[in-house]
Amino acid sequence: MKLAIVGVGKLGLALLEGVTARGVIPAGEIGLLDAHSARVEEIAARTGARVIGRSQLAGAQRVLVSLQPRVFPEVSEWLAQENVGYISTMAGVSISTLVRRLGTQRVVRVMPNLAATIGRSQTAITGPKEAQDAGDLAFAHTLFGAVGDAYDLPEHLFNAFTGMSASGPAYAAVVAEALADGGVRMGLPRALANELAAKLLVASGELLQRRAHPAMLKDEVASPGGTTIAGLAALENAGVRGGLIQAVIEATRRGTELGRDQE
Ligand SMILES: NC(=O)C1=CN([C@@H]2O[C@H](COP(=O)(O)OP(=O)(O)OC[C@H]3O[C@@H](n4cnc5c(N)ncnc54)[C@H](OP(=O)(O)O)[C@@H]3O)[C@@H](O)[C@H]2O)C=CC1
Ligand SMILES: O=C(O)[C@@H]1CCC=N1
């Protein structure tokens, strides 16, 4: 078994779908372990991966830990195996905590996001020299490179990356929902407003990638004395920029707290 995924929840499933769709690892070489046995049986049947139990973990070359941080202390008792490399997606959980609880230096800390399911995650990766020497870091780069962009990131920036990029799809969802609400408030049908909001976020993201700075796109859209600048002035009055900045600050702080809880 090349990879065991422990915790096949929202992120574990997104990664499994992204990885199997791209054929990085044959589905039959992936084991799935989760608390919800019926759900994971269905996922296994759909993807070609197989359900495994705790006793089969030792047969995995690498284990992807995609559990909530709060369950890690208890779970690490049976998760720890010899000659296995670990890759953790858990927000806030540091390399030193992973090493201590898993009893090995072969640990890689990653931070992807839900866009892995469509091959567009942005994933931060870090790990100690032992993980590099054992090929675990290279494996993580291959895995996450297949489901989006993979970045080497120093560990001290992981919580910031988490608070911005991993939490980011939720912020984008709130922006989309609020824009659609505005459209509905002004008379657009709900289904059309939701569709427009999602598509304009996708298209705006692509336009932003072709510009050196987000302000360039804003300035191109806003005609002097026109509609957009009236809307932008309202956003400034409402403190939307400050709200988004604060969201990243608070999410980053929460990552630090989650890490402290594990010490
Ligand atoms: N969701 C996201 O967008 C992202 C999440 N992450 C990180 O990834 C991790 C997983 O997140 P997410 O997928 O959202 O979480 P979920 O809660 O959706 O998934 C965790 C899964 O693990 C199961 N589980 C709980 N306890 C055990 C156990 N003892 N043995 C086996 N399985 C168990 C859960 O079951 P049950 O529901 O019964 O608890 C659930 O199915 C977190 O640490 C999070 O910080 C990182 C980046 C993005
Ligand atoms: O909200 C969380 O804690 C996880 C980590 C980043 C995205 N979801």
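Ser88 has Arg109, a residue of strand β6, as its bridge partner. This is a predicted model, in which local features need pLDDT of at least 70 and side-chain atom pairs count only at pLDDT 80 or more, while totals for chains, interfaces and linings use all residues. Residues are numbered from 1 along each chain as its sequence is written, and chains are lettered from A and ligands numbered from 1 in the order in which they are written.

Strands (E, at least two residues) and helices (H or I, at least four) are DSSP runs, numbered from the N terminus, and two strands pair if DSSP finds at least two bridges between them. Helix α7 (residues 158–166) packs on the sheet, where it touches β6 and β7 (121–126), and its direction makes about 35° with that of β6; such angles run from 0 to 180 degrees between N-to-C directions, with axes fitted to C-alpha atoms, for helices over the stretch in contact. The sheet as a whole is open and mixed in its pairing, with eight strands in the order β3-β2-β1-β4-β5-β6-β7-β8. Its edges are β3 (50–51) and β8 (148–152), each of which pairs on one side only.

An automatic or database assignment of bounds divides the protein chain into domain 1 (3–158) and domain 2 (168–257), whose centres, taken over C-alpha atoms, are separated by 32 Å. Five residues of domain 1 are in contact with four residues of domain 2, contact being C-beta atoms, placed from the backbone, within 7 Å. On the domain 1 side, the touching residues are three nonpolar, two polar and no charged.

UniProt, in an unreviewed entry, annotates residues 155–258 as "domain: Pyrroline-5-carboxylate reductase dimerisation"; annotations of this kind may be inferred rather than shown by experiment. That span is 83% helix and 0% strand, and its end C-alpha atoms lie 15 Å apart.

Ligand 1 is surrounded by 25 residues, the closest being Gly7, Gly9, Leu11, Met90 and Ala91, where a surrounding residue has its C-beta atom, placed from the backbone, within 6 Å. Helix α1 (residues 10–22) gives the largest share of this shell, three residues, and the shell divides into 15 nonpolar, eight polar and two charged residues. Around ligand 2 stand Ala91, Thr162, Ala166 and Ser167, of which two are nonpolar, two polar and none charged. In these counts Ala, Val, Leu, Ile, Met, Phe, Trp, Tyr, Cys and Pro are nonpolar, Asp, Glu, Lys and Arg charged, and the others, Gly among them, polar.

Conventions:
Two residues are in contact if their C-beta atoms, placed from the backbone, lie within 7 Å.
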